[in-house]
Amino acid sequence: MSTTSSAPPSNTPNPPNLPSTGGANASAASGSGTKDSNGAPYPEYVLNERVLCYHGPLMYEAKVLKVQNMEEPSQLTGKTGMHYFVHYKGWKQTWDEWVHASRLLKHDDKGLELQKTLKAAHDHPPNLAAPGLASVAAGGPGKGAAAHAGGAGSKHGGGAAAGGTSASGRQTVRKDARGTKRSRDEDDAARKPEMKLIVPEMLKRQLVNDWEWVTKHCMTVPFPRNPTVVEILKEFAEYVVSENPSNLKDPNLLLPTITSGLQTYFDKAFGNNLLYRFERKQYSEARIQYVTGKHVQIGVTEKEMSEVFGAEHFLRMMVSLPGMIAQSTLDPESVALIKEYANELLRYMDRERERLFLTQEEYEYRGADYQNQARS
């Protein structure tokens, strides 16, 4: 796409054998209607105008193909006001989508400067003060840090002098394959902790089935689910306290932080990272019902997606955890702790799979009207 990132917008999961995560939505899309959070009107754009469009934590160059003013909340975005159908430069038409005006910026010096700033912040996330997994969730998920870490590691270190400190106390530097000088601190930052999850075979099969039922058979997971993600995490915590697995360290201390972090990450990642394209319309329906609808009472009937959806979407998130961890600032000890709890949670979901997951007959087939709108 544009020079902001080597990865495409990642709001749609890959087939389940290649789960992916993109950044949690860091755009200004929290606004609705015709004005932003400061009360200023959103700029208007014309057909064929070159724009910058938020997608996940980054901005991409795009082109406006269609314009429509929504007086009622859009079924795709849950918002009113100006909507634009955009094509991302350099990517296939399958990425084309309707976006609310709050996700667009003018393609000018100010917008390009913000684009560069977001890219820099995404590539070098700051240390986060929140403890445990919750800090990882706040930092946002990411994709494939191994690709970033592999450039100047020992595996590819031929021809580069090792960095270190000289006898005079001055820090030495080294050059990577392209001749760019790198300090030891930069090399250490590139070697981010990795986490490998052991996904049980039956859960792998569940991922494949889920992908096929949604993308091939035009089906969606009905909502609200029972149990929800919140309930699954609560049941898992009760199981850990009751059974006290020997491989889990300090469950009384760590379990609340880890389960809370998983729930937070699920809610942040849901709309941008955990859905197939066919499910976007259903997501807008869920948001209208539980978040943006006129009948929703804040703090009463308002719900997070972790209180609406269940094991099917939660498993998609679980297999994306390694990518998130790779983009975090967690130390190796914290990564090891999260790994043990995540693997135990996967084993628990495997044992309870007949209760937690829907069968194909329980998925909801979507008719021609839904299919046409979802694919438009």
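Mentor: Happy to! Let us begin with one tyrosine: at 4% relative accessibility, Y60 counts as buried (buried means under 20% relative accessible area, exposed over 50%, partly exposed in between, with a 1.4 Å probe and protein chains only). Y88, at 0%, is buried as well.

A word on the ground rules: this is a predicted model, where local features need pLDDT of at least 70 and side-chain atom pairs count only at pLDDT 80 or more, while totals for chains, interfaces and linings use all residues. Residues are numbered from 1 along each chain as its sequence is written, and side-chain values use heavy atoms, with hydrogens and water left out.

Rings of Phe, Tyr and Trp (its six-membered ring) pair if their centres lie within 6.5 Å; planes under 30 degrees apart are stacked, over 60 edge-to-face and the rest tilted. That rule gives 14 aromatic pairs. In one of them, the ring centres of Y60 and Y88 are 6.3 Å apart and the planes stand at 85 degrees, so the pair is edge-to-face. Because Y60 sits in strand 2 (residues 58-70) and Y88 in strand 3 (residues 81-88), the pair ties together parts 28 residues apart in sequence. Strands here are DSSP runs (E, at least two residues), numbered from the N terminus.

Elsewhere, one aromatic cluster is formed by F223, F266, F270, Y283, Y290, F309 and F314.

Finally, K66 lies over the face of F85, 5.1 Å from the ring centre; this requires NZ of Lys or CZ of Arg within 6 Å of the ring centre and within 35 degrees of the ring normal.

Technical notes:
Helix = DSSP H or I, 4+ residues; strand = E, 2+ residues; numbered from the N terminus.
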